[in-house]
Amino acid sequence: LLSTIGPDSLFRMILSKCPSERTPEELELVYEELLHVKALAHLSTMVKRELAAVIGIETHNNAGTVIFHQGDPGACWYIILRGAVDVSIRGKGVVCTLREGDDFGKLALVNESKRAATIILRDDEAQILRDVEANTVRLKEHGQDVLVLEKVFTPRGAVVQGRQESHCTYSVMAGLAEKMLEYLLETRIDAQEEDVTSVNPTLQDFLLTHPIYMPTNILCNSLKKYYTRHPMVTSIFPSTDVVIQEDTEQILTAKRRVVTFVALWVKTLGLHYFLDPSANSFIEELYCCVLEDAQTLPGMSPVLSRMKSCREARDRVMLSLSRHSQIVLDCGVYAPTSTAPHCLPIDTCRQVFRHPDASTFVLTVRMDKRVADVIEMCRPHIRSSASQEMLVLTEVKSNGERLVLAPNDISLPTMLTLNGKLFVSAREEVDHLMVHDGENGPIPSGTSVLDLYGSAELATQLGFFHMELFHATNELETIAQVFGRDAFPGHIPSNLDLLLRRFNEVQYWATTEVLVSPAPKRVQSLRKLIKIAHYSKQQGDLLSLFAIVLGLSNVAVSRLSMTWEKLPSRVKRMFSELESLLDPTRNHRAYRSLIAKMQPPFVPFIPLLLKDLTFIHEGNKTFFNGLVNFEKMHMIANVIRTFKECKASASGVTGILHRDEKPDSQLHIRNLRVIDDQRRLLEMSYLIEPKMS
Ligand code: CMP
């Protein structure tokens, strides 16, 4: 590289002078030389001129010289003009060699952390430029990129990672999951040591998205490895007493970081942390390690007490898990639960099974049971002659369509359509399976829930229930929904599916109510539903709001012009205002500005949230050359964070969730009877207002 710079003695002489003593001519000369340095090519003229005034040069003549040690405070960046250096990390040894044109030492400055590696001279001759700018920090190990950071510009005065930033900062663009973890442990934990009340955003991104690229059991293994790793004493660390002391400090720091990381992880996921079996058992495993170390290592007592609080949190959760019943689909209906709160995922379900002869039996099925397992559970209930045959499970939908379920499907109850019925039969019988009329949806003359209660009461009860369902969802379910379940073996879909199923149900309910209303009451029903939607909006139950608006926009209802005409104009206006919130233009601007003004907790419009996630997923690769695309993870984490934020603080929510007795209206709204066959809905609509010929 130097050969392109020309006679370097003058250049070196100027750079070895104190910057304040450089004359304008000398600065000009340095600037001209910098124009030839490839590693600086991306910099603007102005930055290069500024650099000319601040850079210095270091010349080293002995291989093995340490430029700085891992753990030292960092004050400058370096570029290698000639020679090479080794990058060595405790516990790993030499991870890579940097040569002419490469740079190092930016990481500590970028992260305001300690040096992440020791830099050792490899050759007997080396020249290094100090203090250089760069847009990209690329960390390599054994010839492969392991972490790529890039400078991102933020508007002046924006708050970045909790502090007021000037105008630029670095963020991790891509990397190996394992290196990212190491990076977070070394740069994002120390500042959190005292304060685990709010979690650093980069760390939170990782905690919210790791299942995509680092399954929990692997993450736990890596943490354990980091916790137990022992600094390798290499030739650059002669084994003097001083060095051994420093190593003990390092060992303690590593252990403290892992335990703080786990405490922040528990804080971020709350109850859901403990529902993951590998994460749950990791608490006990780590606790045992900490307990053992506390016997021998001085300084472990704060680590032990932090670990103890994680363990206590787990005990509390496990106790509440065993004590409270859950939201369960009981034969297609959300079972009325007698005991209080439940933010728990459903794991079992009662389900009606039918024989081809229309007789029925009920089984309690775990959500993670595959269709093939369920068939085996059904076998004893089958007539003896057929019980030895190949059996299949078939869903017969309310429109008569038959769907034979695949043996590996799981989560049967949430998979069924609203009025779908499950048949267990021999394969030859599938074509004859039928649901009899009258089994589908409400009897038109039956009393409507709209006749029983006022719109405010109905909206309130819908709101309670939907808030309850929403609180029981786990934000990580949204990821599984979008990335596809196959990508998450062992993941049992549950509460999010229940919520989406409910959204569908409320939609059909609104359509059904208008169509089954007898003529004199139809306008009244329509009006009442619009008012419920209006109250739902005020109460933050956007699920009911949008489901009702969409249900009334179903063509079977929207075409009933004679009914709509009779609505008071005030109510008509109310409806079009609500409808305009669904306007998709300008990326759903109407909806987004509505929720920006809302105070959590509220139930968001989940389908749109899933659409945002899908958009991010499909528009961005998850991996680049084997590195995780953390920019994508950051975008995903942002969506998940909004989902979490809607749930908001415990205050206010507890009043809703911890209600012991449920009024009758609550039981009614959990058991809405709907017609989910679009053809039948249209037929009813044509009977009310015949087609214009
Ligand atoms: P810094 O942490 O300031 O000091 C050590 C430097 O080594 C670090 O910045 C990086 O610039 C450089 N480095 C190169 N490869 C790696 C790596 N794999 N891990 C950590 N640091 C590395």
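**Salt bridges, strands and cores**

Mentor: A search of the whole structure turns up 28 salt bridges. Keep in mind that this is a predicted model.

Trainee: Okay! Which residue forms a salt bridge with Glu-141?
Mentor: Lys-92 does, and the closest N and O atoms of the two are 3.1 Å apart. Glu-141 lies in strand E9 (residues 136–141) and Lys-92 in the loop between strands E4 and E5, so the pair ties together parts that are 49 residues apart in sequence.

Trainee: And is Glu-141 buried or exposed?
Mentor: Glu-141 counts as buried because its relative accessibility is 11%, and the cut-off for buried is under 20%. Lys-92 has 31% relative accessibility, so Lys-92 counts as partly exposed.

Trainee: Which residues are linked with them in a network of salt bridges?
Mentor: The network holds Lys-92, Glu-141, Lys-179 and Glu-182.

Trainee: What about Arg-311, which residue does it form a salt bridge with?
Mentor: Arg-311 pairs with Glu-284, with 3.1 Å between the closest N and O atoms. This pair also links distant parts of the chain: Arg-311 sits in helix H12 (residues 301–323) and Glu-284 in helix H11 (residues 277–296), 27 residues apart. Arg-311 is partly exposed at 25% relative accessibility, and Glu-284 is partly exposed at 24%.

Trainee: How far apart are the closest N and O atoms of Arg-314 and Asp-315?
Mentor: They are 3.8 Å apart, and the two residues form a salt bridge. Arg-314 is buried, with a relative accessible area of 12%, whereas Asp-315 counts as partly exposed at 40%.

Trainee: Let's switch to strands. Why is E3 described as largely enclosed?
Mentor: Strand E3 covers residues 78–82, and four of its five residues are buried, so the rest of the structure largely encloses it.

Trainee: Which strands is E3 joined to?
Mentor: Two bridges join E3 to strand E6 (residues 103–104), and the two strands run antiparallel. There, Tyr-78 stands opposite Phe-104. Four bridges join E3 to strand E8 (residues 126–130), again an antiparallel pair. In that pairing, Ile-80 stands opposite Ile-128.

Trainee: And where do the side chains point in a regular strand?
Mentor: In a regular strand, they alternate between the two faces of the sheet.

Trainee: Nice. Now the inside: how many residues are in the largest nonpolar core?
Mentor: That core has 144 residues, and among those with the most contacts inside it are Phe-206, Phe-261 and Trp-509. Helix H9 (residues 241–269) gives the most to this core, with twelve residues.

Trainee: What does Phe-206 touch?
Mentor: Leaving out residues up to four places away in sequence, Phe-206 touches several residues, including Ala-177, Met-180, Tyr-213 and Phe-261.

Trainee: What caps the N-terminal end of H17?
Mentor: Asn-474 does: one of its side-chain oxygens lies 2.9 Å from the backbone nitrogen of Leu-476.

Trainee: And which residue follows H17?
Mentor: Gly-484 follows H17, and the phi of Gly-484 is positive, near 95°.

Key:
Residues numbered from 1 in each chain as written. Predicted model: local features only at pLDDT ≥ 70, side-chain atom pairs only at ≥ 80, totals over all residues. Heavy atoms only, no water. Salt bridge = Lys/Arg side-chain N within 4 Å of Asp/Glu carboxyl O. Buried < 20%, exposed > 50% of the residue type's maximum accessible area, 1.4 Å probe, protein only. Pairing = 2+ DSSP bridges. Core = buried A, V, L, I, M, F, W, Y, C linked by side-chain atoms within 4.5 Å. Contact = heavy atoms within 4.5 Å. Polar contact = N/O pair within 3.5 Å; in protein donor to acceptor, adjacent residues only side chain to side chain.
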